[in-house]
Amino acid sequence: MNSKNIQPSSVEPFPVQTRSSIVTDELAKLTSALREVCPFDAVITFHFDGKLHLHIDVRSLESVMGIEAVLPTLGAGSFHDIQRGPTPHQPFFHRVSAIVDR
């Protein structure tokens, strides 16, 4: 081999991609605040369809009334349009739903 044809290697590593966790962190904060005021067995879920919706499923109507009373005071008024209704496919649960503005 001719040493004149060998070129020094200049391979650079791919840039490290950092993952943004802004949305996950915000949802974790909301969930943590909600866990403090909900019964231990409450099921807290979110869904997004252009607006962020909160659903809290609980077993007793007393829990529903307590959540409805405290929800407007959490997160500097982040929860509004609070409604109650049945939990789909869970006949022994009651659902409190709200729109989340964050």
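Reader: What does the side chain of Ser97 make a polar contact with?

Author: The side chain of His55, at 2.8 Å. A polar contact is a pair of N or O atoms within 3.5 Å; within protein, one must be able to donate a hydrogen and the other to accept it, and residues adjacent in sequence count only if both atoms are side-chain atoms.

Reader: What kind of model is this, and how are residues numbered?

Author: It is a predicted model: local features need pLDDT of at least 70, side-chain atom pairs count only at pLDDT 80 or more, and totals for chains, interfaces and linings use all residues. Numbering runs from 1 along each chain as its sequence is written, and side-chain values use heavy atoms, with hydrogens and water left out.

Reader: OK. Where is Ser97 found?

Author: In strand β4, residues 90-100. Strands (E, at least two residues) and helices (H or I, at least four) are DSSP runs, numbered from the N terminus.

Reader: Is Ser97 buried or exposed?

Author: Buried, with a relative accessible area of 16%. Buried means under 20% relative accessible area, exposed over 50%, and partly exposed in between, with a 1.4 Å probe and protein chains only.

Reader: Which residues does Ser97 touch?

Author: Leu54, His55, Asp81, Ile82 and Gln83, leaving aside residues up to four places away in sequence. Contact means heavy atoms within 4.5 Å.

Reader: Asp81 is on that list. What about its phi?

Author: Asp81 has a positive phi of about 55°, although it is not a glycine. Asp81 sits in strand β3, residues 79-87.

Reader: Let's do the sheet. What's the strand order?

Author: β1-β2-β4-β3, four strands in an open sheet with antiparallel pairing. β1 and β3 stand at the edges with a single partner strand each, so one side of each has no neighbour in the sheet. The twist averages 20° from one strand to the next. Two strands count as paired if DSSP finds at least two bridges between them.

Reader: How many bridges join β3 to β4?

Author: Seven, and the two strands run antiparallel. Thr87 stands opposite Gln90 in β4. As for helices, α1 packs on the sheet and touches β1, β2, β3 and β4; its direction makes about 145° with that of β1. Axes here are lines fitted to C-alpha atoms, for helices over the stretch in contact, and angles run from 0 to 180 degrees between N-to-C directions.

Reader: And β1 with β2, how many bridges?

Author: Six, antiparallel, between β1 (residues 43-48) and β2 (residues 52-58). Leu54 in β2 is the bridge partner of Phe46. Three residues lie between the strands of that hairpin, where Gly50 takes a positive phi near 105°.

Reader: Is Phe48 buried or exposed?

Author: Phe48 is exposed, with a relative accessible area of 63%. Its place is in strand β1.

Reader: How far apart are Phe48 and His89?

Author: 41 residues in sequence and 20 Å in space, C-alpha to C-alpha.

Reader: Where does His89 lie?

Author: In the loop between β3 and β4. His89 is exposed, with a relative accessible area of 79%. It has a positive phi of about 65° and is not a glycine.

Reader: Switching to charges. How many salt bridges?

Author: Three. A salt bridge is a side-chain nitrogen of Lys or Arg within 4 Å of a carboxyl oxygen of Asp or Glu.

Reader: What does Arg95 pair with?

Author: Asp57, with the closest N and O atoms 2.7 Å apart. That pair links distant parts of the chain, Arg95 in strand β4 and Asp57 in strand β2, 38 residues apart.

Reader: Are Arg95 and Asp57 buried or exposed?

Author: Arg95 is buried at 16% relative accessible area. Asp57 is buried too, at 6%.

Reader: What about Arg84?

Author: Arg84 forms a salt bridge with Glu68, closest N and O atoms 2.6 Å apart. This pair also links distant parts of the chain: Arg84 in strand β3, Glu68 in helix α2, 16 residues apart. Arg84 is partly exposed at 48%, and Glu68 is partly exposed at 23%.

Reader: And Arg59?

Author: Its salt bridge is with Asp41, with 3.7 Å between the closest N and O atoms. Arg59 lies in the loop between β2 and α2 (61-70), Asp41 in the loop between α1 (22-37) and β1; the two are 18 residues apart. Asp41 is partly exposed, with a relative accessible area of 33%.
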